[in-house]
Amino acid sequence: MTTIYELIQQQINPFDSTTFRPGNFWQEQQDQALTVGSIHQDVVGEIATLLNQVAKDNRTRTLLLAGDSGSGKSYLLGRLKQQFNAKAFFSYIGPWPESDYIWRHTLRNTVDSLMYVPAGQTQSQLLLWLHGLEADRGQSLIKKLIGERQFFIRHLKNAYPSGIYNPNEFFGVLHDLTNPELYPIACEWLKGDHLDTANLKALRVKHPIDSETAARQILSNLGRIAAATQPIVLCFDNLDNIDRALDGFINLQALFNLNSIIHNQKLNNFLIIISIVTNTWKQNYKRVQAADVARIDAEIRLQPINLDQAEALWGSRLQPIHQKAEPKPPTPIYPLSRHHLETQFPGGKTRPRYTLMLGRKLFQEAKNLSPDDPIYTNISADFTAAPDPLAAFELLWSQEYKKTQAKIERIRQFSAPELVQMLREALEALQVIGIQSKLLPSPKYASYSLSYHLPAQLGRIGIIWTEDPNLVGFFHLMKACEKSLQLNLCQTLYLLRAESLGTHKNQGNKIYSDIFTGYPHRHIIPDMTSLHYLATYHNLVNAACAGELVVGDQTPNLKQLQELIRQSKILESCPILDNLGIFAGYTRIIGVSGTPQKKLAAERATKKLELSKIKDYLLALVKTQKMMGRYILIQHTLDQFPDAQEYQINELIFQLCHERQILIIDDTVPVESQLVCIVR
């Protein structure tokens, strides 16, 4: 029998800030058990009405969803997806790196989202959408004569005799989605990837979707024929990290231009949701043309929650712990109480985030008290044992990094402008000087590049990052690199590329060999570990800019996040930044040796680094919890590092004890009953 008092000491704080930040609703699966149905239920009803109107008349509508930081905007988007995915297709669209890339970014994110499999389904949204369009599968005479693919194309051309951009290629690629072997490259083409010649030939298309106009037309195609199935909901979120206009403010006008074009050109069957922080909207809406603001069909502002809803939010977090307790706790929110809410929020209103942050503080203090303590029933949030912000950040990073590893499987999941944006954000955090975007003089490839200075290297350093497999495009990019050097735009140029470089028969490869196989210019091959580091930090930047990042008891802004990333030195483990010489001041020339001794040494170094990460995680977890069960500590660490062994984790715990950083309170009792605390 485990009492509630023992569980409070043993368990991870259920209000831990690592669970606060929702993101892309396809990548951050929400626990429905934590959803309080009454919170923002009126808003859910209003949006349901709009969605039903779009489904009924196919006319696109735009909703502005505004709310203060911590009011639950991103969480609400995920809730809408969960509740209405059976009657609409949902697309999550994050911040774009360049405004002159916004249509391609929107298309890419839309197709990415359509590739996810909804809950309860076995096929992706894209295939579910396609099944509503498919021609009769019966063996008609005409199908036998012209083939199934041509029959499919003819069927859809008859169904949509006008208004479809490039119908033969577009409908042909849609048919290729039904072929498991062609499905991946068909998706890549729809996203706008610059496929190589062989893949273009396999899809029977001539060109990639490589312009804003083409991306807009393909998006129009999707909306036009979606009328035969279900509406498409485009959710624009995290707008505080979009690119900035010349006046230094975020370029919301680009988004509202896109929205107006969708309306003006009657791109049907979309529900566009623009999720934005209230203060951001107040500061920027006058910079958006009035005619474009008028295209908003409805504006909803998320209101604070009441104390009944706050109490229910606490109860949803505490329920898993209460279910393990015997005897049962006296109230559903024990050891917290309604009195704490009334004291902290005398006006009777609060926000979901503030409710959770208060719950974390109160639960944390309860860990440090004995059940016989007379103030156990009168715990207060005004205590001094605030969590170590650096430990809280390292713990948050570890969990975010693991999620990034699970959802990003290859470098080409991102476009070149997105890759360059993530690299630039990391360089800015590390206080690299003189960072400038768009080094290349080519308008088409400028967003593939940036430049900066390092103290130990003379002259400006340029970086190009492209993973486009199309070798014709690679040739034009190499020509742009050649021209940048002729114009002396930089003195050192690095090409980041993991994709093929072609052969000596390709013109692009010849220019590449002239530039990047000598000195001082170099070709550096990026790896997945580097991408995971950059993408994890990018996600945290998005959250910090939107005021949605919570670290312990703090909500750091971008500058404070950058300070945390420098203090933690986490990015020093990012291989591509190390190879670029960001930490040493010069670019490292990595030699690859195939000798068994070198390989064995590398494996040992990797293993040692991994154990060091596990040890850091253990210490950070205990620091943030102050006290927890040893068994719980081991299990959480195994969840975070599934390749680790339990004996290794125990050895690291003993190391931390020997170093007097943590303490096992009573090692004579069974492991399941042992408590671990931080040494002060």
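**Note on the predicted model**

1. Leu663 is partly exposed, its relative accessible area being 44%. Its place is in strand E14, residues 662-664. Together with Ile665 and Val679, Leu663 forms a nonpolar patch on the surface, and the three have about 230 Å² of accessible area together. The model is predicted.

2. On overall form: the protein has 27 helices and 15 strands. Its radius of gyration is 27 Å, close to the 26 Å that the globule rule gives for 680 residues, so the protein is as compact as a globular protein of that length. Along the principal axes, the C-alpha atoms fill a box of roughly 80 × 65 × 55 Å.

3. Of the contacts with a separation of 6 or more, 72% are between residues 24 or more positions apart. The protein exposes about 29,800 Å², and carbon and sulfur atoms supply 51% of that area.

4. The largest nonpolar core has 63 residues, and Leu174, Leu177 and Trp189 touch the most other members. Helix H11 (residues 212-226) gives the largest share of this core, seven residues. Another core, of 46 residues, lies apart from it and includes Ala392, Ile524, Val541 and Ile582. Leaving aside residues up to four places away in sequence, Leu177 touches Leu126, Leu127, Leu130, Tyr183, Ala186, Cys187 and Leu190.

5. The whole structure holds 29 salt bridges. One of them joins Asp297 and Arg59, with the closest N and O atoms 3.7 Å apart. Asp297 lies in the loop between helix H14 (290-293) and strand E5 (298-301), and Arg59 in the loop between helix H2 (41-57) and strand E1 (61-67), so the pair ties together parts that are 238 residues apart in sequence. Asp297 is partly exposed at 37% relative accessible area, and Arg59 is partly exposed at 40%.

6. Lys191 and Asp112 meet through their side chains in a salt bridge of 3.2 Å, N to O. Lys191 is in helix H9 (residues 183-191) and Asp112 in helix H4 (residues 102-114), so that the pair links distant parts of the chain, 79 residues apart. Lys191 counts as buried because its relative accessibility is 5%, under the 20% cut-off. Asp112 is partly exposed, at 24%.

7. Arg149 forms a salt bridge with Asp176, the closest N and O atoms being 3.2 Å apart. The pair links helix H7 (residues 148-159), which holds Arg149, to helix H8 (residues 167-176), which holds Asp176, 27 residues apart. Both Arg149 and Asp176 are buried.

Methods:
Residues numbered from 1 in each chain as written. Predicted model: local features only at pLDDT ≥ 70, side-chain atom pairs only at ≥ 80, totals over all residues. Heavy atoms only, no water. Patch = residues over 30% accessible without salt bridge, like charges linked within 9 Å, V, L, I, M, F, W, Y side chains within 5 Å. Areas by Shrake-Rupley, 256 points an atom, 1.4 Å probe, with all protein chains shown as cover. Salt bridge = Lys/Arg side-chain N within 4 Å of Asp/Glu carboxyl O. Helix = DSSP H or I, 4+ residues; strand = E, 2+ residues; numbered from the N terminus. Buried < 20%, exposed > 50% of the residue type's maximum accessible area, 1.4 Å probe, protein only. Rg over C-alpha atoms; globule rule 2.2 N^0.38 Å. Contact = heavy atoms within 4.5 Å. Core = buried A, V, L, I, M, F, W, Y, C linked by side-chain atoms within 4.5 Å.
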